[in-house]
Structures are given as C-alpha cells and as structure tokens.
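Subject: Aromatic rings in the structure

Hi there,

Here is the structure I promised to pass on. Please open it and keep it beside you while you read the notes below.

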Amino acid sequence: MRKYYWLGFLVLALLLWMGRVQARVSGVCSNCHTMHNSQGGNPMTYNGQGPYRMLLRGDCVGCHAQAFSNSNATGAIINSIPQVYVIDQGVGNGATLYKFDDFSTRGILAGGNFWYVTQGDQYGHNVAGIVNKDATLQTPPGFEPNYGGVARSSWPAGTQVTCAGTYGCHGDPSKSDEFVALSGAHHADDSTLDGSTPGKSYRFLLGIAGVEDPNWELNPSSSAHNGYYATSITTRGSGNSTGTTPDTASINFLCAECHGKFHDYVLENSGAYGTSNPWVRHPVDFALSQAVTSSDNYTQYPNPSLFNSVSAVGQYFPDVPLGNTAYGFPVNNNGTVSSTVNFTGNDDIVLCLSCHKAHASPWPDMLRWDYSACTAGNQNGNCGCFACHTNK
C-alpha cells in the first residue's frame with residue numbers, strides 16, 4: 001500500500017509542476033519548429049524562405065505575419081500563433097476587422113494590424129520586413145537620447161524600426177540581432193512577471209510590467225483585456241512632479257523610449273507639455289481623478305450613454321484603456337484584471353494606448369478612432385475622446 005501513496009504523491013507533484021509551467025508557449029512543436037526545413041520536397045517555413053536559426057519556421061514576420069507571404073493564411077490567431085498582419089478590406093470606414101466600440105466584428109488583436117500601414121505611412125509603425133521605411137520621418141517623432149537614463153543613446157537618421165533588438169520594441173534592446181534579442185523568451189515561464197528577462201516581461205517587452213490577456217484581446221470585454229501598468233505622476237519619484245519620467249516598468253515608458261519629448265514634464269524643455277492645465281501636449285501618466293476641478297467630469301468615464309460596449313460609469317472600456325498601478329512587478333500573469341475603474345488615482349491613469357494602437361490602425365496616427373468625427377459640442381459614439389472628455 002505504501003508504494004501507492006508514493007505513486008499518488010508523484011502524480012500530484014507532476015500535476016502541480018504542469019500547472020506551474022502552463023504559462024509557457026504550448027502546442028504542437030511543429031507549429032514553430034522544423035528539423036530540416038523540408039517535407040515532401042517543399043520548405044516548411046511559413047514564407048517559403050529560410051532555413052532560419054533555432055530551427056524556426058520563420059523570423060518574426062514569417063511566424064506572426066503569415067498572411068504577408070500567403071494570402072490564404074487567415075485569422076488573427078493561426079495554430080495558437082498571434083498574428084499582427086491580417087488582410088482587411090480597407091482603411092478608415094472601409095476597415096472590416098476593426099471598428100471602434102464594436103467587439104462583435106473584431107478580427108485583429110490588441111496591438112493593431114500592420115496591414116494598415118501597407119496602405120500608407122500614416123497608419124502605423126513602418127516595421128522592417130513588412131513595409132519600407134517611412135518616406136517622411138527619419139527618426140521617431142519626439143526622440144530624446146538616453147531618455148530616463150536607460151533608453152537608446154541615439155537613432156541614426158533613416159534607421160528603420162524592427163520587431164525586436166536595438167531598434168525594436170520586443171526583446172533585449174542591448175542585442176542588435178532580433179533572434180538573439182528574443183532568445184528563450186517564448187519558452188520562459190511567464191506565470192509571474194518580474195521584468196528580469198524578455199520572457200519574464202509583459203509581451204516580451206523587456207522590463208515592462210502588465211497582465212496579458214490570454215486571447216490577445218481578440219474578444220475583449222470589461223473583464224477580459226490586457227492589464228496595462230502605469231503610475232500617476234504624483235505617486236512616483238520624490239513627490240516633485242517636475243523633471244520626472246514615467247516609471248520605467250510602465251507601458252508609457254516603453255513608448256517614451258522612442259518618443260521621449262512627448263513625455264517630458266519640465267516647462268524649460270521645448271518639447272515638454274507642462275505639469276498642469278493648460279497643457280502644451282496631451283498628458284499621460286496622470287490620473288483622470290487628478291483633474292483640476294470636478295467640473296471636468298473625467299470621472300464620468302467611459303461616458304456610457306455614448307458607447308455600445310459599456311453600460312455604467314466606471315466600467316472599464318477596452319477600446320479606451322487606462323493604466324493601473326496594481327499590475328506592477330511582481331505580477332501574477334494569470335489574465336485576471338479589473339473590470340471597473342474606481343478613480344482612486346491608481347486605476348484611472350491616462351496612457352499613450354488610451355488613444356493609439358501600438359502597431360497600426362485603420363486611422364491616421366494609429367488612433368483607435370476617427371479623429372475627424374470629434375467635434376466639441378457634438379458628442380457622438382464614433383469619437384473615443386468623449387469617453388474621458390464627457391462634458392466637451
């Protein structure tokens with residue numbers, strides 16, 4: 001009988017171990033890897049090229065933008081691989097896969113869809129491997145060397161943004177090679193994130209905190225969405241708001257690494273937006289509840305009378321997301337996020353992503369909605385600005 005106790009103990013231990021590592025990439029190995037890049041005389045890579053290092057079936061674009069080289073590859077998730085390039089029918093109102101405040105027809109993931117930038121530079125980041133360099137911009141708008149003391153020291157004019165590496169968002173920016181920058185990340189145990197490696201960081205963004213929606217927001221709701229970590233300007237540093245930078249673990253800091261001047265607070269800096277109303281640039285890293293006067297009505301977010309996806313004040317609106325200090329390191333990356341905003345100053349923080357998509361969108365400047373639909377005094381559900389600016 002004793003041996004059965006030991007057998008039971010071993011089975012229990014195995015189950016616990018499996019539960020501990022289930023956050024790692026899972027699925028059929030051949031979804032990502034090929035031993036010889038040959039099957040029936042044909043290459044096994046998704047784009048027909050290669051072979052690639054680490055026995056992969058593609059590079060970043062080859063795996064995560066399969067429709068770029070194969071128009072028959074459809075869907076925002078293919079063989080458990082999230083896709084950042086999905087062929088749509090058009091941009092603006094012609095887009096069918098992304099319509100603001102309409103989750104029922106959503107056919108792209110949280111970051112957006114790089115297909116849109118193939119329709120024009122104004123729609124997104126010109127990532128190498130998908131489109132040519134931006135015809136106008138030679139460096140990221142608002143680039144500030146060594147922002148926050150940790151960002152890139154320079155951006156040579158004409159250098160194109162990449163998926164990963166020194167001039168990319170994902171992986172380790174100290175590594176110029178994209179494969180090396182992301183080495184080991186996909187197989188890391190990300191059940192708890194601490195920012196120590198790309199695999200232990202939110203979406204492989206080194207040092208960035210947050211909670212990952214397991215479905216990449218393909219079917220978002222108030223209770224199923226990414227949890228974006230951010231801090232209010234009054235809750236960090238020495239208490240002096242001037243001269244501070246976003247918390248280096250916040251999603252806003254990720255944007256500031258390339259667009260730092262859009263995040264400066266000191267008035268002496270010509271690129272700054274100030275520290276209070278009236279603003280020089282639209283603020284981020286500030287909580288809605290920090291408004292100068294209660295008459296601003298920012299705490300009526302998300303203005304539920306206008307939008308179909310929300311029904312009450314304080315309900316989280318995935319198409320106008322806000323940051324939350326609760327998603328900081330160490331964070332349990334189990335997909336559990338808050339469905340309500342209580343306006344505590346810790347859960348109502350304005351983000352870059354409150355207005356923009358990270359990759360590309362159907363609207364110019366990667367906006368989440370049609371800015372031309374925004375008219376003061378004429379609130380309407382086509383303009384996401386009114387989710388926060390409820391009395392404009």
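Does Y167 count as buried, partly exposed or exposed? At 22% relative accessibility, Y167 counts as partly exposed; buried means under 20% relative accessible area, exposed over 50%, and partly exposed in between (1.4 Å probe, protein chains only).

Before going on: this is a predicted model, where local features need pLDDT of at least 70, side-chain atom pairs count only at pLDDT 80 or more, and totals for chains, interfaces and linings use all residues. Residues are numbered from 1 along each chain as its sequence is written, and side-chain values use heavy atoms, with hydrogens and water left out.

A search of the whole structure gives eleven aromatic pairs. Rings of Phe, Tyr and Trp (its six-membered ring) pair if their centres lie within 6.5 Å; planes under 30 degrees apart count as stacked, over 60 as edge-to-face and the rest as tilted.

One of the pairs is Y52 with F179: the ring centres are 6.4 Å apart and the planes at 25 degrees, so this pair is stacked. Y52 counts as buried, at 16% relative accessibility, and F179 counts as buried at 16%.

W155 and Y167 also pair, this time edge-to-face, with 4.9 Å centre to centre and 75 degrees between the planes. W155 counts as buried because its relative accessibility is 8%.

R57 lies over the face of Y46, 4.2 Å from the ring centre; a charge sits over a ring if NZ of Lys or CZ of Arg is within 6 Å of the ring centre and within 35 degrees of the ring normal.

Happy exploring!
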